[in-house]
Amino acid sequence: MKEVTIVCDGSSLGNGKGNPRAAAVAMLGYRGLWRAFGEYLGSATNQQAEIAAACIGLEKLTEPCRVRVLSDSRYVVETMTGNFRKKTNLEWWAKLDRAAQ
């Protein structure tokens, strides 16, 4: 089975204030080759952008793989590993769960 590394990050300018603008990026690495994917999210919070970044990376996989996801978001890492409960952003987490399947 292929082993893929996903490095992801999301950000929101004006996070939660006025008219926020968010984007998310994921880089997929396999055997030293890297591909980058990004998406403009529009009005989203920083936490939502971080979730979306992981989702983008997982959605770009074309076959089952062993995946290592690297994120600077403690919120995403701790929630994905089951240490934090999903209390907010439930539709964003649902999308990530679908992508992880």
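Before going on, a word on the model. It is predicted, so local features need pLDDT of at least 70 and side-chain atom pairs count only at pLDDT 80 or more, while totals for chains, interfaces and linings use all residues. Residues are numbered from 1 along each chain as its sequence is written, and side-chain values use heavy atoms, with hydrogens and water left out.

Now stay on A22. Its relative accessible area is 1%, so A22 is buried (under 20%; exposed is over 50%, partly exposed in between, with a 1.4 Å probe and protein chains only).

Next, follow A49 into helix α1, where A49 is one of the buried residues. Select residues 46-59: 11 of the 14 residues are buried, so α1 is largely enclosed by the rest of the structure. Show β1 (3-13), β2, β3 (33-42), β4 (66-71), α2 (74-80) and α3 (90-100) to see part of what covers them.

Last stop: N89, in the loop between α2 and α3. N89 is buried too, at 14% relative accessible area. Its side chain makes polar contacts with the side chains of Y75 (3.0 Å) and Q47 (3.5 Å); such a contact is a pair of N or O atoms within 3.5 Å, within protein one able to donate a hydrogen and the other to accept it, and residues adjacent in sequence count only if both atoms are side-chain atoms.

Notes: Helix = DSSP H or I, 4+ residues; strand = E, 2+ residues; numbered from the N terminus. Contact = heavy atoms within 4.5 Å.
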